[in-house]
Amino acid sequence: MTNKSLGLYLHIPFCEAKCRYCDFYSLAGDPTKKELYKNALLKEIRKWGENIFRPISSIYIGGGTPSALPAHFLCEILDCVKENFKVLNNAEITVEVNPQSATEALFAGLIKAGVNRLSIGVQSGNDNELKALGRLHNRKTAEETFLNARKAGFKNISLDLMLALPDSDEQTLKNTLDFFVSLSPEHISAYILKIEENTPLFKIKNSLNLPDENEISEQYLLVSHTLQNAGYEHYEISNFARNGKASRHNVNYWKCGEYLGIGPAAHSFLGGKRFFYTADITKFITCPETVFDSEGGDVNEFIMLNLRLKEGLSLSELKNEYNIVPSAAFINKIKLFEKNGLCTFNNNTVSLTVKGMLVSNEIIAQLEESL
């Protein structure tokens with residue numbers, strides 16, 4: 001059995017209120033289930049700890065909204081992980097929080113429990129946009145939360161930013177970017193809003209003033225240009241980091257590393273197989289079980305995930321991992337994309353440009369077809 005390290009993801013499926021765009025598995029309110037869920041999660045952590053003996057290099061507590069749980073619950077969960085797994089001394093330990101539920105007491109508890117990274121769901125620096133998204137905080141609360149996190153001792157903070165919002169334009173996005181840069185976080189994740197089915201925004205999508213594809217492209221390029229000028233490396237399609245502050249947990253995903261996810265709707269890639277827990281909190285509390293998804297780690301996955309990263313796809317690694325030498329058609333595709341400014345091809349490595357990242361799905365599909 002391999003002794004390579006794992007990432008560990010723990011899902012907290014609670015929120016104060018469901019955001020209008022969110023289709024992740026989470027429940028608004030229902031405080032009665034929080035202790036039951038915490039106890040079930042502890043039980044599953046102990047079970048996996050008895051069967052997996054690989055060291056843990058990163059822990060990511062996401063949701064939902066982990067800060068919707070009492071601080072002592074989160075500390076108890078982290079203590080349980082450390083008691084049942086070998087957590088490396090330099091492990092990256094991240095907790096997602098939202099401004100409206102992240103208190104000074106919470107931050108103090110997380111620091112004491114060994115959390116060394118926060119991901120704060122800010123999304124926008126414009127109060128009208130936050131209201132339209134169904135967020136419960138405003139710009140002032142977001143700023144206070146960030147400053148309180150700094151005061152508590154957090155030296156590695158990521159902020160979530162959302163673009164292509166209803167009624168947004170270059171000026172509203174610039175206002176948000178100026179706000180984010182003024183706070184000077186170590187990391188920023190920037191996501192394009194997608195109107196998903198079974199969300200409140202989907203029901204009214206035809207009445208929303210959403211930017212068109214050209215406007216979305218301009219917003220994305222503005223984000224990349226502004227953040228790079230502010231000292232952030234655009235190291236992955238949706239992620240920007242100051243030197244040495246890339247999300248180690250997420251980079252493990254993109255480098256095809258293995259990870260264990262615990263909680264309803266949490267996915268895992270372990271022993272070359274992908275599986276997940278049913279998206280049902282009641283079932284997780286009473287009789288948790290995982291469902292086989294697919295074999296993982298094939299060549300198409302390797303190509304797709306590596307091309308998300310700025311460092312790109314090494315054709316030498318492709319040969320070493322899969323004994324595949326790309327066809328002439330594959331190389332010709334790369335050269336055509338390079339000619340059109342969509343990628344670079346140096347030292348046997350293909351990397352997408354910012355322009356190429358905008359159409360990454362199409363580029364990846366064409367490369368996979370010509371392999």
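Predicted model: local features only at pLDDT ≥ 70, side-chain atom pairs only at ≥ 80, totals over all residues.
Two strands count as paired if DSSP finds at least two bridges between them. With four bridges, β16 and strand β17 (residues 349–352) make an antiparallel pair.

**The three-stranded sheet**

- β15, β17 and β16 form an open sheet in the order β15-β17-β16, with antiparallel pairing.
- β15 (313–314) and β16 (343–346) sit at the edges with a single partner strand each, so one side of each has no neighbour in the sheet.

**Strand β1**

- How many residues of strand β1 (residues 6–12) are buried? The count is seven of its seven, so strand β1 counts as mostly covered, with buried meaning under 20% relative accessible area.
- Leu6, Leu8, Leu10 and Ile12 point one way from β1, while Gly7, Tyr9 and His11 point the other way, and all of them are buried.
- One partner of β1 is strand β4 (residues 56–63): the two run parallel and share seven bridges.
- Within β4, glycine 62 is the residue that stands opposite histidine 11.
- β1 also pairs with strand β11 (residues 259–262), again in the parallel sense, over four bridges.
- Tyrosine 9 has glycine 261 in β11 as its bridge partner.

**Helix α2**

- Helix α2 (residues 71–84) has 14 residues, and at 1.5 Å a residue it should span 20 Å; its end C-alpha atoms are 20 Å apart, so the two agree.
- The buried residues in α2 include Phe73, Leu74, Ile77, Leu78 and Val81, along with the cysteines Cys75 and Cys80.
- What covers the buried residues of α2? The cover includes strands β1, β4 and β5 (87–97), plus helices α1 (32–49) and α3 (104–113).

**Cysteines**

- If you're wondering about disulfides, the count comes to zero.
- Is cysteine 19 buried or exposed? Cysteine 19 has 11% relative accessibility, and because the cut-off for buried is under 20%, cysteine 19 counts as buried.

**Pockets and cavities**

- The second largest pocket has a volume of about 430 Å³.
- That pocket is lined by 16 residues, and the ones nearest its centre are Lys4, Lys255, Cys256, Gly257 and Glu258.
- Helix α12 (residues 315–322) gives the most to the lining of the second largest pocket, with three residues.
- As for cavities, there are two of 30 Å³ or more.
- The largest cavity comes in at about 50 Å³.
- Residues lining the largest cavity include Asn126, Glu129, Met162, Leu163, Ala164, Leu165 and Ser168, and also Thr172, Leu173, Thr176 and Gln219.
- Of the elements lining the largest cavity, α6 gives the most, with three residues.

Technical notes: Residues numbered from 1 in each chain as written. Heavy atoms only, no water. Disulfide = S-S within 2.5 Å. Buried < 20%, exposed > 50% of the residue type's maximum accessible area, 1.4 Å probe, protein only. Expected span 1.5 Å × (residues − 1). Contact = heavy atoms within 4.5 Å. 1 Å grid on protein atoms, 1.4 Å probe; cavity = no way out; pocket = protein on both sides within 12 Å on 5 of 7 lines; lining within 4 Å. Points joined across faces, edges and corners; volume = space filled by probe spheres on them.
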